[in-house]
Amino acid sequence: MNLIPAPLSLAEPAGAGHYELTADTALAGGPGTERVAAWLRAELGAATGLPLLPGAGGIGLRLDPSLAAEGYRLAVDADGVRLSGGTAAGLFWGAQTLRQLLGPEAYRRGGIKADGWSLPHVTIEDAPRFGWRGVLLDVARHFLPKADVLRYVDLLAAHKLNVLHLHLTDDQGWRVEIRRYPRLTEVGSWRERSMVGFRDAGRRDDRPHGGYYTQDDLREIVAYAAARHVTVVPEIDIPGHSQAAIAAYPELGNHDVVDTSALRTFTDWGVNPNVLNVEESTLRFYEHVLEEVLDLFPSTFVHLGGDECPKDQWRASAAAQARIKELGLADEDELQSWFLRHFDRWLAARGRRLIGWDEILEGGLAPGAAVSSWRGYEGGIAAARAGHDVVMCPEQHVYLDHRESGLDEEPIPVGYVRTLEDVYRYEPVPPELRQDAAAAGHVIGAQANLWTEFMDDARSVDYHAFPRLAAFAEVAWSELPREAGERDYAGFARRMTEEYARLDALGVEYRPAAGPHPWQQRPGVLGRPLEG
């Protein structure tokens, strides 16, 4: 039935049949289903024009604790529609399936269909493979206005993805209002210009870029996502990727090595040598920052980055070297581990958990920390074997800023070529862990990452994200077929025909299967490929 992601089981009766939705069709829910019923009534009502008023018969919703927490059961027959979920989350994912069964027109905001609405007779039982089905949205390199973030929450939810990892701070921009430290956004949220393409292309746009989310904006985003059973995980990147913060508050940098007062919000891409110092005052500063972050984001996990932190300034800093000696540390890698362990303990004392990029393994991993494995599988394998939870997001497979083909017409030929089929064949649990059930159990999920150095607006984010995000959604939700040992790409490609129509209805400016539209191309060589 062209469902994406594919459900665990789908059974159709011998005789084909449909249940017709009419102006008299009711939508009723039992206790705990009220918010899902309201969402379904609003979305289907906008598309169909049907009131779907409360009442007996028609579409019935209920919670069934015998189902998995995010699982659901959907049955459609001549008597009506019965949708059950293990929790409200499972019920919501079932409502998303129901919407898909109505066809692409159900994703439009106004009715255009003239021949009525119906659902096929079917019984579907379904539950997700992973609890963390994430997408990273980098709003630090290029700011994405609040309305676009809310739109992406809806796109994630439509594909049963349940974690939005917001990369809020980096060298190139600070995007979260911190009331105790207003210069973080007054200074750190703006840069003078941006690179266009890779550094050796030598291009700049000479156009100021910036923006940030107020605390009320972020509360709105978090609440909007929660209503759609999407958890927003904030990332405050430390101790590297911090030049925007240092530009705003120079005392945070290694001021005994460089003149931090001369630093500005970074205008280049790539790894930056300017990192935080390790003074007590800097620890206090970020504790104050995180106090406000925790007030905005109720997520269990808080991402603190920990990646790509050059140690050159610490090696040259008398203060950093004195700290290493004072703490009895072996080297700068252990100094970074100490820095992150401080915040791991700080978060744990407040009922939260630290998650960071796989570099946090260097120098020793904080006991309760989880790992986002991005440089391949290796970090995730090591972390899982050591008993740490892991989110698999290797750049070789699920960095969606990387190009989808080797065509010269691709907008910017960055990174590995990863086609729709490549993403579909990605397997989050590597062979090294499949024979070790305990370690494999620490792979709590998978994530696709949208880094926006080369995406300066929502249209370019659409182009890089879709249709590959649909393939990733199935990887994260649907079980790997046991008998075949691999996924059926030919069958997925057939189902994608209707997915493209759904994306059209949603207004997503995806990359066409045949290659980019002329307006999606960029003239000239703006970059260089990293891999043939």
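Predicted model: local features only at pLDDT ≥ 70, side-chain atom pairs only at ≥ 80, totals over all residues.
Local features require pLDDT of at least 70 and side-chain atom pairs pLDDT 80 or more, while totals for chains, interfaces and linings use all residues. Residues are numbered from 1 along each chain as its sequence is written, and side-chain values use heavy atoms, with hydrogens and water left out.

Eight strands form a closed barrel in the order E9-E10-E15-E16-E17-E18-E19-E20, with parallel pairing. From one strand to the next, the twist averages 30°. Strands (E, at least two residues) and helices (H or I, at least four) are DSSP runs numbered from the N terminus. Two strands pair if DSSP finds at least two bridges between them. Strands E18 (residues 370-373) and E19 (residues 390-392) run parallel and are joined by three bridges. Ser372 has Val391 of E19 as its bridge partner. Helix H11 (residues 378-385) packs on the sheet and touches E18 and E19. The direction of H11 makes about 155° with that of E19. Axes are lines fitted to C-alpha atoms, for helices over the stretch in contact, and angles run from 0 to 180 degrees between N-to-C directions.

Helix H7 (residues 280-296) has 17 residues and reaches 25 Å from its first C-alpha to its last. This is close to the 24 Å expected at 1.5 Å a residue, the expected span being 1.5 Å times one less than the number of residues. Of the 17 residues in H7, 12 are buried (under 20% relative accessible area, with exposed over 50% and partly exposed in between; 1.4 Å probe, protein chains only). Among them are Phe285, Tyr286 and His288.

Gln313 lies in helix H8 (residues 312-316). Gln313 counts as buried because its relative accessibility is 7%. Leaving aside neighbours within four places in sequence, its contacts (heavy atoms within 4.5 Å) include Asn254, Pro273 and Val275.

The whole structure holds 20 aromatic pairs. Rings of Phe, Tyr and Trp (its six-membered ring) pair if their centres lie within 6.5 Å; planes under 30 degrees apart count as stacked, over 60 as edge-to-face and the rest as tilted. Trp93 and Trp477 pair edge-to-face, at 6.4 Å centre to centre and 75° between the planes. Trp93 lies in helix H2 (residues 88-101) and Trp477 in helix H17 (residues 468-477), 384 residues apart. Both Trp93 and Trp477 are buried. Tyr399 and Trp451 form a tilted pair, with 6.2 Å between centres and 50° between planes. Ring pairs also link Trp174, Tyr181, Tyr249, Phe285 and Tyr286 into a cluster.
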